[in-house]
Amino acid sequence: MSEEPLPGSPGPVRVRVPAKINLHLAVGLPRDDGYHDLTTVYQAISLYDEVVVEPAAGLELVVNGEGAEDVPLDDSNLAARAVYALAERTGRSPNVRIVMRKGIPVAGGMAGGSADAAATLVACDALWACGLSRDELAETAAELGSDVPFALYGGTALGTGRGERLSPVLARTQRHWVIAIANGGLSTPDVFKELDRLRSTDRPPPRTAGADALLRALREEAATPLAKVIANDLQPAAISLRPSLRRTLAAGVESGALGGAVSGSGPTCVFLAEDGDHAVRVAAGLSGLGVCRTVRTAYGPVPGARVV
């Protein structure tokens with residue numbers, strides 16, 4: 001039987017959840033289920049969404065902040081699906097009001113929707129006093145989307161399967177990033193379809209090698225070894241759909257970044273800096289070149305979704 005919120009039940013629960021970047025993303029061939037096998041190294045960075053959940057008469061979604069107008073407010077929203085999934089698992093009623101404050105670019109290749117779903121799982125677990133462990137929440141998260149489990153844990157991790165099977169990775173040093181946010185987003189399914197199309201041509205794009213070099217670079221104190229091995233199989237497809245990304249990537253290096261890549265399915269681009277001061281200088285140079293809508297700095301790794 002479903003449980004209605006009791007009088008005097010907890011008030012709003014606020015959760016902060018980070019964006020992710022892919023330091024390494026190797027994409028295999030399409031599977032029978034329509035997904036692709038992935039080998040990826042995620043890092044959670046200090047660019048955040050905030051999700052507040054509180055009891056309500058029914059399920060309500062409110063979105064504020066950057067790109068809010070592009071976020072669906074119906075049951076296709078991953079946060080709404082997270083509520084339904086956790087309610088079904090725990091026997092609760094999915095009657096909550098979810099207020100999302102966006103700081104992660106929408107459709108930007110930084111898993112903003114997945115982050116909101118992870119934050120909603122954490123918030124509802126706290127609101128309903130379910131007492132589920134992070135690993136138990138991750139089981140539900142994996143049903144929602146490939147990036148949702150990582151948003152729960154954060155840090156740095158190796159992802160396999162669809163990206164949902166995670167192994168923690170030791171990252172010895174905090175890294176500093178410059179984030180170039182584009183005008184408009186890119187559809188992740190469209191980018192994967194374009195990659196499949198490019199691979200079917202006479203001159204398919206090169207495939208990213210294994211993650212071993214990237215994992216070794218993460219153990220180095222210096223940032224330069226990491227900059228040399230950042231790689232993303234989806235980058236040629238994102239550039240094919242958004243050719244202006246070539247100029248953005250070149251501009252980041254011209255502005256002094258050690259290296260960079262398209263983030264996930266794009267169109268956000270991320271650039272590695274030596275330290276925080278260097279990141280500020282790179283961001284200032286990039287901002288003046290007119291190759292993206294806005295520029296931000298961030299650092300990582302940071303923890304995943306957490307009640308604040």
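**A histidine and its partner**

Modeller: Let's start with histidine 36, whose side chain makes a polar contact with the side chain of aspartate 196 at 2.9 Å. A polar contact here is a pair of N or O atoms within 3.5 Å; within protein, one must be able to donate a hydrogen and the other to accept it, and residues adjacent in sequence count only if both atoms are side-chain atoms. Before going on, keep in mind that this is a predicted model, where local features need pLDDT of at least 70 and side-chain atom pairs count only at pLDDT 80 or more, while totals for chains, interfaces and linings use all residues. Numbering runs from 1 along each chain as its sequence is written, and side-chain values use heavy atoms, with hydrogens and water left out.

Back to our residue: histidine 36 sits in strand β2, residues 36-55 (strands are DSSP runs of E, at least two residues, and helices are runs of H or I, at least four, numbered from the N terminus). Histidine 36 counts as buried because its relative accessibility is 7%, buried being under 20% relative accessible area, exposed over 50% and partly exposed in between, with a 1.4 Å probe and protein chains only. Who's around it? Setting aside residues up to four places away in sequence, histidine 36 touches Val27, Gly28, Leu29, Pro30, Arg31, Gly161, Arg162, Phe192 and Asp196, where contact means heavy atoms within 4.5 Å.

For contrast, take glutamate 60 in strand β3, residues 60-65. Glutamate 60 is partly exposed, with 34% relative accessible area. Leaving out neighbours within four places in sequence, glutamate 60 is in contact with Val96, Arg97 and Ile98. The C-alpha atoms of glutamate 60 and arginine 97 are 4.6 Å apart, although 37 residues separate the two along the chain.

Helices get a look too. In α3, residues 134-144, the buried residues are Leu137, Ala138, Thr140, Ala141, Ala142 and Leu144. Their cover includes α1 (78-90), α2 (112-127) and α4 (148-153).

Now zoom out. The chain has ten helices and twelve strands. Its radius of gyration is 19 Å, close to the 19 Å the globule rule gives for 308 residues, so the chain is as compact as a globular protein of that length; the radius is taken over C-alpha atoms, and the rule is 2.2 Å times the number of residues to the power 0.38. Of those 308 residues, 55% count as buried. Among contacts with a separation of 6 or more, 75% come from residues 24 or more positions apart.
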